[in-house]
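Please read the points alongside the sequence and the coordinates.

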Amino acid sequence: MNASTNQNVQDSLMLRLKQETLSEHDRMEVLMKQSGAFESKENYAQFTLSQYYFQKDVENLYLDEKVQRLIPDLDVRGRSIAAFKDLEDLGVSPQQQSVATQTVAYPESLGWIYVSEGSTLGAAFLFKEAQAKFGFSADFAARNLAAYPEGRAIVWKRFKQTLDEAGFNEEEKNQIIAGALQGFKRFGDLLEDLKNLK
Ligand code: HEM
């Protein structure tokens, strides 16, 4: 690897996102374990509520034209409808209407979308657990954890490429990373409050 490729790797937005949010990701895994999401169907339903609210937060950001221009395949992304149907299967109707991203601007918003898209990778494990423990599936109660029709890896790779090729400057990259940290914080708050979600 020559010096300039090395520089490119160092500057890669996706690499920075991964490295600079690593401790938040670890925290999510701990919170997931503590949530006992797979210990009972009631806990699983509360976890599905957290997924639903987070997806609503993220999908609110899809309404921005700048986001639409950068990410042309938004229509295949987002899982709030899937989560809503899962909640119906589980007999739960979400009571909250507000979204946590009202004041999130571009390009910070891309950091939130990063958290949501990346979470589809870990969801592969959660999907298997929901199948094994409860017999849930991509057609019942675990739609929001199922892979996108094209497959998780392909859709993720396309997202990574879009962000890396967009040519953001350092300030913009910093804003996107700040947005990702906000996204993780929001999901962490939902997980910590899981029992009280309505
Ligand atoms: C038990 C829970 C979880 C497990 C086991 C898990 C596991 C994983 C795994 C295996 C990857 C792929 C790593 C790679 O290929 O390099 C990943 C990536 C990721 N996960 Fe999770 N995850 C969990 C929860 C979450 C949650 C709750 C979120 C956010 C709401 C999240 C956000 C992400 C993100 C953003 C990435 C992409 C990292 C990158 O930039 O490459 N994960 N996760």
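How do the residues of the shell around the ligand divide into nonpolar, polar and charged? They divide into nine nonpolar, four polar and two charged, where Ala, Val, Leu, Ile, Met, Phe, Trp, Tyr, Cys and Pro count as nonpolar, Asp, Glu, Lys and Arg as charged, and the others, Gly among them, as polar.

1. Basis of the model. This is a predicted model, in which local features need pLDDT of at least 70 and side-chain atom pairs count only at pLDDT 80 or more, while totals for chains, interfaces and linings use all residues. Residues are numbered from 1 along each chain as its sequence is written. Helices (H or I, at least four residues) are DSSP runs, numbered from the N terminus.

2. The ligand shell. The ligand is surrounded by 15 residues, of which Lys18, Met28, Gly118, Ser119 and Gly122 are the closest; a residue is near a molecule if its C-beta atom, placed from the backbone, lies within 6 Å of it. At least two residues of the shell come from each of α2 (13–20), α3 and α7. Helix α7 gives the most, with seven residues.

3. Packing of α3 on α9. Two packed helices are described by the angle between their axes and the distance between the axes. Axes here are lines fitted to C-alpha atoms, for helices over the stretch in contact, and angles run from 0 to 180 degrees between N-to-C directions. Helix α3 (residues 22–35) packs with helix α9 (residues 170–192) at an angle of about 15°, their axes being 10 Å apart. The two helices are therefore roughly parallel to each other; angles under 35 degrees count as roughly parallel, over 145 as roughly antiparallel, 65 to 115 as roughly perpendicular and the rest as oblique. The crossing of α3 past α9 is left-handed, a term used if the near helix is turned anticlockwise from the far one by less than a right angle, with right-handed used if clockwise. On the α3 side, the residues that meet α9 are Glu24, Arg27, Met28, Leu31, Met32 and Ser35. Their counterparts in α9 are Leu181, Phe184, Phe187, Gly188, Leu191 and Glu192. By class, the contact of α3 with α9 has seven nonpolar, two polar and three charged residues.

4. Packing of α4 on α9. The axes of helix α4 (residues 41–61) and α9 come within 10 Å and cross at roughly 155°. That angle makes α4 roughly antiparallel to α9, and the crossing is right-handed. Helix α4 contributes Ser50, Tyr53, Phe54 and Asp57 to the contact, and α9 contributes Arg186, Phe187, Leu190 and Leu191. These residues divide into five nonpolar, one polar and two charged.

5. Packing of α7 on α9. Helices α7 and α9 pack at an angle of about 50°, with axes 6 Å apart, and are therefore oblique to each other. Helix α7 passes α9 in a right-handed crossing. Among the α7 residues in the contact are Trp112, Tyr114 and Val115, and among those of α9 are Phe184 and Phe187. The contact of α7 with α9 has ten nonpolar, six polar and one charged residues.

6. Most residues other than glycine have a negative phi, and most peptide bonds are trans. The bond from tyrosine 106 to proline 107 is cis, with omega near 5°. Proline 107 lies in the loop between α6 (80–89) and α7 (108–134). Leaving aside neighbours within four places in sequence, glutamine 175 is in contact with Pro107 and Glu108; contact requires C-beta atoms, placed from the backbone, within 7 Å. Glutamine 175 is found in helix α9 and counts as partly exposed, with 19 C-beta neighbours inside 10 Å. A residue is buried if 20 or more other C-beta atoms lie within 10 Å of its own, exposed if 12 or fewer, and partly exposed in between, with C-beta atoms placed from the backbone.

7. Alanine 141. The phi of alanine 141 is near 70°, a positive value in a residue other than glycine. Alanine 141 lies in the loop between α7 and α8 (152–165). Is this residue buried or exposed? Alanine 141 is buried, with 22 other C-beta atoms within 10 Å. Beyond neighbours within four places in sequence, alanine 141 is in contact with Asp86, Asp89, Leu90 and Phe136.

8. Asparagine 196. Asparagine 196 is placed in the segment after α9. With 7 C-beta neighbours inside 10 Å, asparagine 196 counts as exposed.

Conventions
Contact = placed C-beta atoms within 7 Å.
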